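Dear colleague,

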Amino acid sequence: MDEEQMRRWVAETLERLGTSGFRAGFTLSAKDRAYALEHGEATVRRHARELLERRVGPAQPARDGKQTPFRGHPVFTAQHATGTCCRGCIAKWHHIPQGRPLTDEELGRLSELTVRWIRRDIARHDPTYGLDQHFLCNPEKIARLVDAAGIREGDRVAELGAGVGTVAAEVPEEASLTLVELDPALCARLRERFAKREGVRVAQGDALAYLAGAKAGEETLDVIISNLPAELTSRVLDALAGMRFRTAVVAVRAGQDLAPWEGRLEVEPVETLEPGDFSPRQPFASEVIRVRA
């Protein structure tokens, strides 16, 4: 099944499932939506495949009919919503007979259905999803980004476009951290997430205005991390030119021409960020660069 066939099958299946008041009544909790966003679709897809393979894949699953909890992971909710929670429901809604193992193709198709239901549910209920906001969620790439920043004890760090806090969570606690985010819903989420961590301040507002204020001497920064949308990165680099700081780590669109900043900033590549490293998936690749004045 190619992507277009999968898209049509998912749409038709979800429309059919929507005729059931029971199935249509499921929605992710705020906690599960945050989990899906912060861990990313690739991780959720892997979990979905593992959970379905273990819980409904065998010919005779243990406790069939009661093996899927109603909470604890976004995939569990998605299974109930999509009729993939037990072999009886799978037989009823997806016409796959009981009494034999699910094939590799069937497991792949059903697990993908749960992932796309999660994607749709987030888009319907989370005001931060789909508004050109893509949150870096690959833990290895986040670790390399933070490592490239070279953060030291006592550093004053600012993250521009902090999103749901996936990068901020990896910043060493020995540094003070200002999280700048325009979206008020995301700011509320950040305040809740870092409420028990000392030295973290959430500043709601325009990141470029914040950076201009720091450049004018309103705030002293040692390290700057920028995860702003690609169309703003040129303005970020312009602001960094002539500003006092030790290190900045900036995500730019892959292939962006950096020649205009030659001689004004010292720039070196750090890491490529693939579309799937973001949640929701970003439509293009990005590159993390390390910048020094």
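The notes below cover the overall chain, the cavity and the salt bridges.

Please keep in mind that this is a predicted model.

Overall chain. The protein chain contains 10 helices and nine strands. Its C-alpha trace spans about 70 × 40 × 30 Å along the principal axes. There are 293 residues, and 52% of them count as buried. Taking contacts between residues at least 6 apart in sequence, 64% join residues at least 24 apart.

Cavity. Searching the whole structure turns up one cavity of 30 Å³ or more. The space in the largest cavity comes to about 80 Å³. Its lining consists of 12 residues, and those nearest the centre are Ala36, Glu41, Ile118, Ile122 and Ser279. Two elements, helix 3 (30–55) and helix 6 (104–125), each give two or more residues to this lining. Helix 3 gives the most, with five residues. Sorted by class, the lining has eight nonpolar, two polar and two charged residues.

Salt bridges. The whole structure holds 23 salt bridges. One of them pairs the side chains of Glu3 and Arg116, at 3.0 Å from N to O. This pair links distant parts of the chain, as Glu3 is in helix 1 (residues 3–17) and Arg116 is in helix 6, 113 residues apart. Arg116 has a relative accessible area of 11%, so Arg116 counts as buried.

A salt bridge also forms between Glu112 and Arg45, whose closest N and O atoms are 2.7 Å apart. Because Glu112 lies in helix 6 and Arg45 in helix 3, the pair ties together parts that are 67 residues apart in sequence. Glu112 is buried, with a relative accessible area of 9%, whereas Arg45 is partly exposed at 28% relative accessibility.

Glu271 and Arg144 meet through their side chains in another salt bridge, at 3.1 Å from N to O. Here Glu271 belongs to strand 7 (residues 266–273) and Arg144 to helix 7 (residues 139–149), so that distant parts of the chain, 127 residues apart, are linked. Glu271 counts as buried at 16% relative accessibility, and Arg144 is partly exposed at 37%.

Finally, salt bridges with shared partners join Glu3, Glu41, Arg45, Glu112, Arg116 and Arg119 into one network.

Regards

Methods
Residues are numbered from 1 along each chain as its sequence is written. Side-chain values use heavy atoms; hydrogens and water are left out. On a 1 Å grid over the protein atoms alone, a cavity is a set of points where a 1.4 Å probe fits but cannot get out, and a pocket is an open set with protein on both sides within 12 Å along at least five of seven lines; lining residues have an atom within 4 Å of a point. Grid points are joined across faces, edges and corners, and a volume is the space filled by probe spheres set on the points. Helices (H or I, at least four residues) and strands (E, at least two) are DSSP runs, numbered from the N terminus. Ala, Val, Leu, Ile, Met, Phe, Trp, Tyr, Cys and Pro count as nonpolar, Asp, Glu, Lys and Arg as charged, and the others, Gly among them, as polar. Buried means under 20% relative accessible area, exposed over 50%, partly exposed in between (1.4 Å probe, protein chains only). Contact means heavy atoms within 4.5 Å. A salt bridge is a side-chain nitrogen of Lys or Arg within 4 Å of a carboxyl oxygen of Asp or Glu.
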